[in-house]
Amino acid sequence: MSPPPSSAEAPWTVATVSSMLRDWISRLGAVWIEGELTSWNVRGGHVYAKLRDLEGDATLSVNVWRSVAEKLDGEFSQGDRVIVHAKPDFWVKGGTLSLQAYDVRHVGLGELLERLERLRRQLSSEGLFDPARKRALPFLPGTIGLVTGRDSDAEKDVRRNAELRWPAVRFRTIHTLVQGDRAAADVASALLELDGDSEVDVIIVARGGGDFLHLLPFSDESLVRVVASLATPVVSAIGHEADRPLLDEVADLRASTPTDAAKRVVPDVAEQLAIVQQGRSRAFSAIANRIASETRGLEQLRSRPAIAHPSWIVDQRGDELMRYAARADELIVSRVDREGERVRSLATHLRALSPQRTLDRGYAIVERIDGDGDGDAPGRIEHRDVVRSWSDAPTGAALRIRLADGRVEATATGGEPIETPAAGRDGVGGRS
């Protein structure tokens, strides 16, 4: 029976309104709801949970009574994506609305795996998983960016193992959600912040494992694309071997565990010191061997006769030089004598060919002189022709006769030929 209408003079009581709300809500049927568990608390066998919308900002309380909780298949925890079969229920005493669950199930893994596989193929076709685009890690990073959950074992493992290997290593840590629908956006924001820090040389995303559903945020498409766009190398240390999230594929390096990430990112100082020591030992050994080899070479050179007793070279070469000098003197004297004899022979031959020798034998040279005045006077123009025939000296012609020791001036008074060929050939003869 419905109460009379309410008015300012006759208002309804709280109990009346609450009862009406309960009766109206109770008429609603049970529905299937999908969402994310933000809490899952078990008290006295009953479960009190919160179910949040996957996209919008809306949350409902869910009560799973002991009789239903004992029949649920699988374990549930915060961050799980579930579907709930529940009926709305209004609690009059507390004035709260909640869902009374009759069944709680994880979202179908088959569907999720299919979605994940399609996304994997799409990103792979775009080249995001190509090994050629992966960047090499620095040998010794100055600062390591770490994205992980607050107070997580993953953070402790990374820091402890990194500091054991290289005590001076520095970290810049950003704590984020590591499961749930908001985890992907939270991790992506932290990655972008660390990538913008010029001091961060490498970034580690660490989580201490978990089941497939808990790792779904690390296969989020937006997060994968953010990692692919970063300039700083990224190491994925999710710590899950069976089902690898897509973050493992796009990261520049995949580490099996957070501990493995620390070992892969930071060199072992003891190992590096051992390598340096080995290098120094090899260098010292090589130098010592080279010095010993060169010393033996010098000793061998010093033991040779030419180096041990160098004076023999001077003595031997000195004797050779004296022999060459004596030989040179002999050759020079011999050459001078030969050439002197040749000069004398040529002088004798030249004198034998000289006209003077002919004159010394009693011959004379008769020249006809044409011109006026004294032949020795300055400005006198004379033409001299050797008289080779009697016809070259007509009567009255001025003649000059060259003798062995002088000359004689004469005048031709006439001439006639004689049968003396020699006289004609020598150019002398005739009568004056």
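Guide: A salt bridge is a side-chain nitrogen of Lys or Arg within 4 Å of a carboxyl oxygen of Asp or Glu. The structure shown above is a predicted model.

Visitor: How many salt bridges does the structure hold?

Guide: Side chains of opposite charge can pair when their charged atoms come close. In this model there are 23 salt bridges. One of them joins the side chains of Glu-221 and Arg-225, at 3.1 Å from N to O.

Visitor: Where do Glu-221 and Arg-225 lie?

Guide: Both belong to helix α6, where they are four residues apart, about one turn of the helix. Glu-221 has a relative accessible area of 31% and is therefore partly exposed. Arg-225, with 30%, is partly exposed as well.

Visitor: What separates Arg-160 and Asp-157 along their helix?

Guide: About one helical turn separates them, because they are three residues apart in helix α4 (residues 153-165). Arg-160 is partly exposed at 44% relative accessibility, and Asp-157 is partly exposed at 21%.

Visitor: Which residues are linked in a network of salt bridges?

Guide: Glu-117, Arg-120, Arg-121 and Glu-249 are linked in this way.

Visitor: Let us turn to burial. Which residues of α5 are buried?

Guide: A residue counts as buried when its relative accessible area is under 20%. In α5 the buried residues are Ala-183, Ala-184, Val-187, Ala-188, Ala-190, Leu-191 and Leu-194. Seen down the helix axis, they fall within an arc of 165°, so they line one face of α5. Their cover includes β6 (143-148), β7 (170-175), β8 and α6 (221-229).

Visitor: What span does α5 reach from its first C-alpha to its last?

Guide: The 13 residues of α5 reach 18 Å, close to the 18 Å expected at 1.5 Å a residue.

Visitor: Which residues make a nonpolar surface patch?

Guide: Trp-12, Val-17, Met-20 and Leu-21 make such a patch, of about 310 Å². Leu-21 lies in helix α1 (residues 14-26) and is partly exposed, at 37%.

Technical notes. Residues are numbered from 1 along each chain as its sequence is written. This is a predicted model: local features need pLDDT of at least 70, side-chain atom pairs count only at pLDDT 80 or more; totals for chains, interfaces and linings use all residues. Side-chain values use heavy atoms; hydrogens and water are left out. Patches are made of residues with over 30% relative accessible area and no salt bridge: like charges are joined within 9 Å, nonpolar side chains (Val, Leu, Ile, Met, Phe, Trp, Tyr) within 5 Å. Accessible areas come from the Shrake-Rupley method with a 1.4 Å probe; for residues, only the protein chains shown count as cover. Helices (H or I, at least four residues) and strands (E, at least two) are DSSP runs, numbered from the N terminus. Buried means under 20% relative accessible area, exposed over 50%, partly exposed in between (1.4 Å probe, protein chains only). The expected span of a helix is 1.5 Å times one less than its number of residues. The arc is that of the directions from the helix axis to the C-beta atoms. Contact means heavy atoms within 4.5 Å.
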